[in-house]
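User: I am new to this kind of model and would like to learn how to read it step by step. Could you take me through it feature by feature?

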Amino acid sequence: MNREVTETGTREVLAARGLVKQYGAFTAVDGVDLTVHAGEIFGLLGPNGAGKTTTVNMCTGLLRPTAGTVRIDGLDVEREGRAAKRLIGYVPDEPYLYEKLTAREFVHFMGELYGVRSRLDERVEELLNYFGLLDAADNLIGGFSHGMKQKTGLCGMLVHDPLLLVLDEPTVGLDPKSARLLKNTLLTLAARGRAVVLCTHILEIAEAICDRVGILDGGRVVAEGTVEGLRQAARGGSAESLEEVFLRLTGGDEEGLVVEALISS
Amino acid sequence: MNAVAHDAGTVLRLRARILSRLLLPRFTPEAQRVAPYRLLAMLVVGGTLLSLFGITLGHFLSVAFNGQSLRPFLLPALVWSPTAAAVGIFFYAVLSLSATFTYRNDLSLLMLTPISPRIVLADKLFAVSASFSVLMLVVALPDLVGAGRALHAGMGFTIAALVVVLAVPLPAASLAMLLSILVLRWLPPAKARAGTAVIGTIVAAVLSTVAQTFGDVTMRLLWGNVDVVPAVWPGHALVAAADGQIGPSVLYLLSFVVLSLGLAALAIDRAAYLLASGWAVYGEVGRRSSRGAVRMAAPRRTEARARRPEWWPVVRKEWLTLRRDPKLLAQLAYPLLIEGYTFYHAFGNPFTAHPITGRLARFFAASLYLSSSMTALFLLSVLALPIVGREGRSLYLLGLAPVRAGYLLLAKVLFCLAPVVALLEVLLITMAARLLGMSVLQTVYVSAVLVALVTALGCWLVCVGLIWPRLTSDGSRRQVHGTALMVGPISGGILCTVIGFLLAGSFADHSASSLAPYASGAGIFVLTGGIVALVFRIGPRIFHNLLTDDRRPV
Ligand SMILES: Nc1ncnc2c1ncn2[C@@H]1O[C@H](COP(=O)(O)OP(=O)(O)O)[C@@H](O)[C@H]1O
Ligand SMILES: [Mg+2]
């Protein structure tokens, strides 16, 4: 992480406006606005099928929105795709990597693909070492466990030092030690001015590290703000309990759990 | 006996149902009603087309050789071509059967039923063998009919050809079954398919060498007598039939059929025994793969490297992936092997001393072009057609990359073209210069034509695979849609034919003092250039859409 980003808080790293995605007649994402600033960890919460993956796929340029625009640090993802993509790192929930490459070759390949030219070999070694993959670095990815694949994917996505790092359900498959490592990594990245978007349905993580969260349900953002702010908004509102507020927002039992976790701390 | 009949009946009904699904895809009552007629129409039209092809081929051969000096060329070819076909079938049957024993898990299901394992395995063996018989009916029978016509052979020859075409796949498939069962016994399941492919290639190469060497030797020593090497019996049957000697022909054929059935019985019996005794594995190929360390590329320079082209990393990745895919490597190696032997046999000993001229030269030039372009088509079908689909679920990585779709396309095309061009050029230039005594200028011209053809073909096939990829395929299953498998090779074949005609046109007699030869030559480059331009005009758009639309599996 050799490039320091000084200007934090005001710099809009991700600005999604009016994102809509329709699959035939079905609207998976229905008018989502997201803003994530430099130095911020943003949690995108929501039950299964809420549209989290679809939303971040559109934000990273992997999926063309039916309507709406995405800007990465001011660059339009569709029209200035190449420049915008240089700034993004994305680890999807199922990290499909090249099974016939070794971990080291893969990270190196990603570095070359992103045009990293200075100190590429050192960076690859540093990252592999940092994520504890050095011992397995010369093994084919095809033989890796889910967690190892995820860590390899992360190495591949950090090698070009992205300004915006997007992680979809990153802790599925990670052991506690790796999960802790990941959290610390994200905090460090944010402290150095990078922006992080984290999709999850597990609340402890969001609570522990997210500066702000957005709750997505049925393709719409039903609540957005700091964890503390959401909690207070719910308390200060009507006589309803927070749990009821969230259940009403998301209309699902899963979100009930979300709420409980938010209150109890 | 009754139980056997019952088991066989069950398996046959199952097979019939699978077949009817395949041939009559829609199960609406209307489709059911017209299905038999459709099938009949397909058979009639297909049969007519194929016989027309055969007759035309025979005619062309007669014209090319002026009806005279044909026997010295065709008779040896008749002897060894069924053997060559059997070796090729053996190789693909190894691939297909090792899949039957591993990936396609209906075998383990069938083995759990009370049906006798022998019946189940017999069904598998005959299904594989029959599929190759169908292929031979379409591909080889018209050629044989053509050869028969050129030799002025009678009806007996056609019947013998039919029997040969139907019978040759069976012993090849039986041997393949024996081999794959044995290999699966020794290999860990995860490596089974790749391993059998490699060993299959080696065995096929050895068999091909032995068979062809013997084919040659026995032909010289025992011409007219009974040959003791079974591999060339079908060939001898054909030759005898072509000469109108029905007796020897029937004898060779009968012996071959009996031998084939014996071999099939042996293969079924051994396979059933090995499977039942737990000696061989089946149906348990998991996602496991080697955990052993893989040799790393040598450490590279650490200082800032020179700016590499955008497509470079993708080409490098393709190479790293390819060299660890023994199945693909084996598939690529095989046509080269066959090619080498074909050249050796067709142009070997008698002609190297003095260049061929006249009509004969034209015939050889034509077959040189035919086999080079077919090799290119085959190699590129294996290499270029699935090269986008091979990305599979990892395609999102290219979608994330800050690389223009046009460069991704270029990387894929370059990776496919480089080896094929290099290989064919070497082959062609050697043959053309040595055999046909072509001038330097002519050789340069022909190799330029070949480069143009391979380039256009490669671009086109990559593009076809890009339009119909199958990204959800895992591992070694088919990576493009059936449509691409149809459209790609067929359109490629048409392109090869058209270029072939233009090439022939550009060598037409200059005495006519017309511009036609030049126009013909220019046409080649205009056509191929146009295809390349078209692919790079529409391809990047299609690639970009593939990377960003809903078809990409998430
Ligand atoms: N390619 C697709 N075609 C049709 N529907 C889709 C496709 N991808 C996602 N969906 C639907 O969109 C909705 C949102 O999916 P997703 O974004 O994956 O949810 P999440 O990640 O929040 O669990 C789901 O109902 C899913 O079924
Ligand atoms: Mg998801």
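User: How many helices and strands does chain B have?

Analyst: In this predicted model, chain B is assigned 18 helices and zero strands. One of these is helix α18, which covers residues 516–548 of chain B and contains B:R537.

User: Is B:R537 buried or exposed?

Analyst: A residue counts as exposed when its relative accessible area is over 50%. B:R537 reaches 68% relative accessibility, and therefore it counts as exposed. Its position can also be read against a residue elsewhere in the sequence: B:G406 is 131 residues away from B:R537 along the sequence, yet the two C-alpha atoms are 8.9 Å apart in space.

User: What share of the residues of chain B counts as buried?

Analyst: Here the cut-off is a relative accessible area under 20%, and 45% of the 554 residues in chain B count as buried. The accessible surface of the chain comes to about 26800 Å², with 70% of that area belonging to carbon and sulfur atoms. As for contacts within chain B, if one takes those with a separation of 6 or more, 81% of them are accounted for by residues 24 or more positions apart.

User: Where does ligand 1 lie, and which residues are around it?

Analyst: Ligand 1 lies between chains A and B. The residues around it include A:Y23, A:F26, A:P47, A:N48 and A:K52, as well as B:D550 from chain B. By type, the shell divides into five nonpolar, five polar and two charged residues.

User: Which elements of chain A each supply at least two residues of that shell?

Analyst: They are β2 (26–37) and α1 (52–59) of chain A, and α1(A) gives the most to the shell, with three residues.

User: Which polar atoms of the protein lie close enough to the ligand to be read as polar contacts?

Analyst: The cut-off to keep in mind is a pair of N or O atoms within 3.5 Å. For A:A50, a backbone N or O atom lies 3.2 Å from an oxygen atom of ligand 1, and for A:K52, a polar backbone atom is 2.8 Å from an oxygen atom of the ligand. With A:T54 the side chain takes part, as one of its polar atoms lies 2.6 Å from an oxygen atom of ligand 1. Taken alone, the ligand exposes 560 Å², and the protein buries 63% of that area.

Key. Residues are numbered from 1 along each chain as its sequence is written. Chains are lettered from A and ligands numbered from 1 in the order in which they are written. This is a predicted model: local features need pLDDT of at least 70, side-chain atom pairs count only at pLDDT 80 or more; totals for chains, interfaces and linings use all residues. Side-chain values use heavy atoms; hydrogens and water are left out. A residue is near a molecule or strand if one of its heavy atoms lies within 4 Å of it. A polar contact is a pair of N or O atoms within 3.5 Å; within protein, one must be able to donate a hydrogen and the other to accept it, and residues adjacent in sequence count only if both atoms are side-chain atoms. Accessible areas come from the Shrake-Rupley method with a 1.4 Å probe; for residues, only the protein chains shown count as cover. Helices (H or I, at least four residues) and strands (E, at least two) are DSSP runs, numbered from the N terminus. Ala, Val, Leu, Ile, Met, Phe, Trp, Tyr, Cys and Pro count as nonpolar, Asp, Glu, Lys and Arg as charged, and the others, Gly among them, as polar. Buried means under 20% relative accessible area, exposed over 50%, partly exposed in between (1.4 Å probe, protein chains only). Contact means heavy atoms within 4.5 Å.
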